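Subject: Handover of a structure and notes on its contents

Dear colleague,

Please find below the structure that I am handing over to you. My notes on it follow directly after.

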Amino acid sequence: MKLELRGITKRFGAVTANEDIDLVIEPGEIHALLGENGAGKSTLMNVLYGLYTADEGHIEIDGVRQNFSGPGDAMAAGIGMVHQHFMLIPVFTVAENVALGHEPTKAFGVIDLAQAKKQVLEISERFGFNIDPDALIEDLPVGAQQRVEIIKALSRDAKILVLDEPTAVLTPQETDELMEIMRQLAKSGTSIVFITHKLREVKAVADRITVIRLGKVVGSAKPDAETSELASLMVGREVMLTVNKKPAVLGDVVLEAEHITVLDDRSQKAVNDVSFEVRGGEILALAGVQGNGQTELAEFLLGLRKPLGSKAKVNLNGKEITNKSVREVLESGVGFIPEDRQSDGLVSEFTIAENLMLNSSYKSRFTKGLNINFAARKRIAKELVEQFDVRTPSAETVANKLSGGNQQKVVVARELSREVSLLIASQPTRGVDVGSIEFIHEQIIAARDAGKAVILISSELDEVLALADRIAVMYRGKIVGIVEPNTSREDLGKLMAGVTA
Amino acid sequence: MSTSKEIEVKVGLKSPIVMGSIGLLTLVFLGLLGRDGMVAFEISRRTDSLQLPTLDIDSSLLGVLSGLAMFALAAFSLSRAIKNLKTPIWVSIVFGAVGVTALLGWLAAEKSVPIAFIAGTALVLAVPIILGAMAGIMSERVGITNIAIEGQLLTGAFMAAVVSSITDNFLFGVIAAMVTSAFLSMILAIFSIKFLAQQIIVGVVLNVLVIGVTNFLYQQWLTEDAQNVNFPGTMDIIKIPVLSDIPLLGPVFFENRITVFLAILIVPTIWFILFKTRLGLRARAVGEHPLAADTVGINVGRTRFWWVTIGGSIAGLGGAALTIGNAGAFGREMSGGFGFIALAVVILGRWNPIYASLAALLFGFSIILRVWANQVSPGIPTDFITMVPYVVTIIAVVGFVGKSRPPKALAVPYVKG
């Protein structure tokens, strides 16, 4: 089945997310759609899938013009989609999820679960997915959930499979498995549209590459193209893919954490007896697949979560901060970049200046007695906006009007402009454009070179390898190994999957 | 390669402590300090063809025995908790049953306990709550908060009384109640789905509206012309042959008005549709993750609309059960909070029709308990007695396995891109 997108334009109000995009997907090819976050890839695919209606342009399948008024039509035409955020219902079983929408039934609309399970098993076995049709989705690891999504698409006879950022949530091993699955599917005649911003993966698996920037197609390439060439197409200029950093100059121990056990929201041990230390002038990366306790550990260090048991002990510059309140922890010199800037990093309805003083709202350079020193705030905000390269009309602009990268720069500016001896940066560049990533990385390195201790929590292996001086890999709430940054991806991947040497 | 999480749930000592304390209270107040005199538990009614002997026991002895039994259950719960195991549901249920028996025995010292009468009346009183809860479940399972159950019940009660009176036909009354209530629910559905209104506010407004309108019409019309428009009487009691002769079960379940029979049929039907059929799977999907349902071609808006509307018609039937199924005429604000109790029952029953109905029965029981306690032992503060079933409920809920988990997309409007 040949799929053609002709002149697709999609606008949201004044913003043009896709502009005059042409794309041809040949039968049985793996076509990578490469672009930064926010380039308009997902919008384009949602148009293809019937979730959005295009303002201009149309879709053709085997030369026949299509009119999709909803995902049902797209599916009927043979398009399957694996969304970035899985479209699975956590409290349903695998079989129920796969069957949903085209359920096999017996008399009176009673679901034929046996038939549904059989279908899951059949596809699962054909591609070696190893999925239990009776398992509840919420009990499955993300890799398995993704395979369920693929089964879901295949069970509807999808001839074209769209995978939207499929590797974002996977371990390197799971990523390799997924690529193998993609090759297998392509061999059996399914076309695959692979949406990603990760160059390494594109080069490994794609037959053809189309690069999208700012909602437009800016070029296409073969997978044997140079990485730097692809990157510059993607960003529109030359980028430094590696970060220049001097060797670490180690200072005194800044943070000592011993025997830390923390429960998550479901009262299960998210962090299980973890101990580590960080010195001034070094970046310790906490690597690992998301959901292995990194988030809870960061929240614990900040004082948002209480430790379990009495053995836990945290010292900051020799002073104990275990069980201290968040305010006390912040005052003792900890800066924190939370992993979700939208919900935890910023008050999106506040202006940049207001956001910059969020954690220094008392007895600080922003205040005068019990009042806000508006003149000082204005001046400081203006300085910080310049210093941290926040692209905004003014410091009085409301935060949610900024792009993700600029929002994150505001958070970074707030945390690094205070007197801190420890910076905890949790997923500092998630959903951020390449330009801002570069800038934020430089700031983190600068903080380290200024003798601060940095804990970097990231699920992006590239980021970890570029920045870290030491890498601690977390798996199921434990640190399964602390390794040097020159460790190979394969070895790190094994650690992230819990395989210890 | 898998990252599935280990389940390490800590079982607290809540259940054994609560159970132990209640057992102690029972032992002391209903047993050792209890009332003397024999109490007779009547299994058969005097009118029954098949007569079973009554069970006689001394009231305070029953209290002591019950207290000890409750201690035993608490000890069992404790032994489970120490091994980090949950208290099974049956323990909670048995515990509740023992407690209630002790209470009944205490109240009826030197008298008798008409079990069939109490159970049967509890069922009749619970029917409006049960049906209201079904409306709540059908609505909330597809993701729409239904605060308007009270209004739906009241609408049904009013229409059933008036239309039955005017047409002199109960069937028309029931149909009118269901249809009008369904229309009322459509307002909730349309405002929630189409105009993305705050569902709780729409629900509250509907309640206030219905209370206002029915009060006005009651005052201006029904009281003026009661003979013609508010004198429907109650439907006949139907005895199902053979089945109604079974001791205890017969009089309770198989000798009732049609509204009760309908409720008994509707509850398992909704359960079956919800959990076994395609319709139900899709409805639950819409309530859990509407976007996922949309991406497999399920029309979210339409699904929500029909489930809310049909739920409304079932609440309308519940309203009819209040007037032509029990009281015999419409009275000012006669739903008297049943709709809100139904709301609580939905949550207590964890959005499951069967559990919710059991919870509703408990409320029915507490209503009849107050009336009966007043008759059998005048002078005992009945408000205090009425509290007891709720205390028992709380224990049952404390002991229940797992937390109550509402549909994920409850009260969240679905906006398509």
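The notes below treat a sheet in chain A, a residue in chain B, and then the aromatic rings. Please bear in mind that this is a predicted model.

Sheet in chain A

Chain A contains an open sheet of 6 strands with mixed pairing, in the order β6-β7-β8-β3-β9-β10. Its edge strands are β6 (79-82) and β10 (216-221), each of which pairs on one side only. From one strand to the next, the twist averages 20 degrees.

Within this sheet, strand β3 (residues 30-34) of chain A runs parallel to strand β9 (residues 208-213) of chain A, and 4 bridges join the two. A:Leu33 has A:Thr210 in β9(A) as its bridge partner. Helix α6 (residues 172-187) of chain A lies across β3, β7 (160-164) and β8 (191-196) of that chain. The helix runs at about 150 degrees to β8(A).

The side chain of B:Thr323 reaches the backbone oxygen of B:Ala157 at 3.2 Å. Leaving aside residues up to four places away in sequence, B:Thr323 touches B:Ala157, B:Ala160, B:Ala161, B:Gly233, B:Thr234, B:Gly328, B:Ala329, B:Phe330 and B:Met334.

Aromatic rings

B:Phe330, one of the residues that B:Thr323 touches, also belongs to a cluster in which ring pairs link B:Phe158, B:Tyr218 and B:Phe330.

Over all chains, the structure holds 9 aromatic pairs. One of them is formed by B:Phe253 and B:Phe254, with 6.4 Å centre to centre and 55 degrees between the planes, and is tilted. As for accessibility, B:Phe253 is partly exposed, at a relative accessible area of 33%. B:Phe254 likewise counts as partly exposed, at 24% relative accessibility.

With kind regards

Note on methods:
Residues numbered from 1 in each chain as written. Chains lettered and ligands numbered in written order. Predicted model: local features only at pLDDT ≥ 70, side-chain atom pairs only at ≥ 80, totals over all residues. Heavy atoms only, no water. Polar contact = N/O pair within 3.5 Å; in protein donor to acceptor, adjacent residues only side chain to side chain. Contact = heavy atoms within 4.5 Å. Phe/Tyr/Trp six-rings, centres within 6.5 Å; stacked < 30°, edge-to-face > 60°. Buried < 20%, exposed > 50% of the residue type's maximum accessible area, 1.4 Å probe, protein only. Pairing = 2+ DSSP bridges. Axes fitted to C-alpha atoms, helices over the stretch in contact; angles between N-to-C directions.
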